[in-house]
Amino acid sequence: MALTAEEIRIFGEQGFLGPFPVCGEEEMAEIREPLDAVVAEGEGRWNQRHLDSRAVYELCAKPALLDRIGSLLGPDLALWSTRFRVKYAATKEIPWHQDVIYWQLDPLVNVSAWLAIDDVDHENSCVQLIPGSHRETIPHAPSQGDVHHDFTLVADPAYYREETAVSMVMRAGECFLFSERALHRSSANASVRRRAALTIRVTTPRVKVRTPGHDRLILLRGRDDYGYNTLAPPPAEDR
C-alpha cells in the first residue's frame, strides 16, 4: 500500500492526498464501540488518546496508513499527536489556518492524517483544503469572527483563493494525508448528524518535538537512533 511515484508527486504539488481507505465497513463497525466510548468522555479527553487507548493506537498503526506515510517520511515513524475532532449539530466553524502555527517541531518534518469515523459530507462539515498552499507559511491574525475555541487565528485571505478549495467528502474508515502547511478549514455543522474524525500526526525520531503536552512519542515503525524524545510503549488492551 505504499504510494506510487505519481501519488508522491501529487502530494508534493498539492500538499495533500486522498481520500483512501484505511478500514473497511465491517472493520469500522467492530471498532466503533471503543472509539465512541472515547468520544463520549467529552472534549477534555479527546487529546493524545493513543497513549492510553488501545483502539486509538491500533487505528493509528494500520498498515494502510503507515505504508503511505512511510513513502513520504521513510522507514522510521513516530506518532507524536492525536486528537478527536468532533462536530455535533451547530458546532462552530474552524477558520482557514495552517497547523504549523500551533506547533514546535525541530526540524519541521511531519505528515498528518485525517481519518473519518463518521461519513463526512458538505452538510456535516467536511474539511476543505487549498491546493499548493503548503509552499509557504501564511501570516495569521486573531480571528474577528465566532469560531471554534481551539482555532483563534485565521490565515490572511490575501495569500490564497478560496474558490480553489477542494472538499474532502469521505466514508467512515477513509482518510486523507496533508502537510502541516496545507491551508484548511471546515464550516459549522449545518446538519443534525455528528461528524467525528481522528487527526493523526506522524514524524521521524530525528525530530525534536517541543509542542506543549506532546512530550511522549510512540515508535510506530523502525528505530530511534537519536534519543531526542521520550518514547512510550503502546497501550495495553482496552478494558
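# A tour of the predicted model

Start at the end of helix α4: the residue that follows α4 is Gly74, and its phi is positive, near 105°. The model on screen is a predicted one.

Now select residues 63–73, which make up α4. Is this helix enclosed or open? Eight of its eleven residues are buried, so the rest of the structure largely encloses α4. Colour the buried ones: Ala64, Leu65, Leu66, Asp67, Arg68, Ile69, Gly70 and Leu73. Step back to Lys62, in the loop between α3 (54–60) and α4. Lys62 has a relative accessibility of 17% and counts as buried, because the limit for that class is under 20%. Apart from neighbours within four places in sequence, Lys62 is in contact with Val22, Cys23 and Glu27.

**Two cis peptide bonds**

Go to Gly18 and Pro19. The peptide bond from Gly18 to Pro19 is cis, and its omega is near 5°. Pro19 belongs to strand β1 (residues 16–21). Then select Asp106 and Pro107, which are also joined by a cis peptide bond, with omega about -5°. Pro107 is in the loop between β4 and β5 (111–116).

Select Gln48, in the loop between α2 (25–40) and α3. Gln48 is not a glycine, yet its phi is positive, about 60°. The residue is buried, at a relative accessible area of 8%.

Next, select Ala90, in the loop between β2 and β3. Ala90 is not a glycine either, and has a positive phi of about 70°. Is Ala90 buried or exposed? With 63% relative accessibility, Ala90 counts as exposed.

From Ala90, move to Arg193. These two residues are 103 apart along the chain, and their C-alpha atoms are separated by 9.8 Å. Arg193 sits in the loop between β11 and β12 and is partly exposed, with a relative accessible area of 31%. Which residues does Arg193 touch, leaving aside its neighbours within four places in sequence? Its contacts are Lys87, Asp119, Asp121, Glu123 and Asn124.

**Aromatic pairs**

Show the aromatic side chains. There are six aromatic pairs in the count. Select Trp80 and Trp103: their ring centres are 5.0 Å apart and their planes stand at 90°, so this pair is edge-to-face. Trp80 is in strand β2 (residues 77–87), while Trp103 is in the loop between β3 (94–97) and β4 (105–106), so the pair ties together parts 23 residues apart in sequence. Trp80 is buried at 0% relative accessibility, and Trp103 is buried too, with a relative accessible area of 15%.

Tyr102 is partly exposed at a relative accessible area of 29%, whereas Phe151 counts as buried at 7% relative accessibility.

For a cluster, select Trp114, Phe176 and Phe178, which are linked by ring pairs. Another ring to visit is that of Tyr228: the charged end of Lys208 sits over this ring, 4.9 Å from its centre.

**The largest pocket**

The largest pocket has a volume of about 460 Å³. Of its 25 lining residues, those closest to the centre are Arg83, Arg85, Asp99, Phe151 and Arg201. The elements that give two or more residues to the lining are β2, β3, β11 (184–186) and β12 (195–203). Which element contributes the largest share to this lining? It is β2, with five residues. By class, the pocket lining has nine nonpolar, nine polar and seven charged residues.

**The cavity**

Finish inside the model. The structure holds one cavity of 30 Å³ or more, and the largest cavity has a volume of about 60 Å³. To see its lining, select Glu43, Trp46, Arg83, Phe84, Arg85, Val86, Lys87, Ile94, His148 and Arg195. Here too, β2 gives the most to the lining, with five residues. The lining of this cavity has four nonpolar, one polar and five charged residues.

Key: Residues are numbered from 1 along each chain as its sequence is written. This is a predicted model: local features need pLDDT of at least 70, side-chain atom pairs count only at pLDDT 80 or more; totals for chains, interfaces and linings use all residues. Side-chain values use heavy atoms; hydrogens and water are left out. Rings of Phe, Tyr and Trp (its six-membered ring) pair if their centres lie within 6.5 Å; planes under 30 degrees apart count as stacked, over 60 as edge-to-face and the rest as tilted. Helices (H or I, at least four residues) and strands (E, at least two) are DSSP runs, numbered from the N terminus. Buried means under 20% relative accessible area, exposed over 50%, partly exposed in between (1.4 Å probe, protein chains only). A charge sits over a ring if NZ of Lys or CZ of Arg is within 6 Å of the ring centre and within 35 degrees of the ring normal. On a 1 Å grid over the protein atoms alone, a cavity is a set of points where a 1.4 Å probe fits but cannot get out, and a pocket is an open set with protein on both sides within 12 Å along at least five of seven lines; lining residues have an atom within 4 Å of a point. Grid points are joined across faces, edges and corners, and a volume is the space filled by probe spheres set on the points. Ala, Val, Leu, Ile, Met, Phe, Trp, Tyr, Cys and Pro count as nonpolar, Asp, Glu, Lys and Arg as charged, and the others, Gly among them, as polar. Contact means heavy atoms within 4.5 Å.
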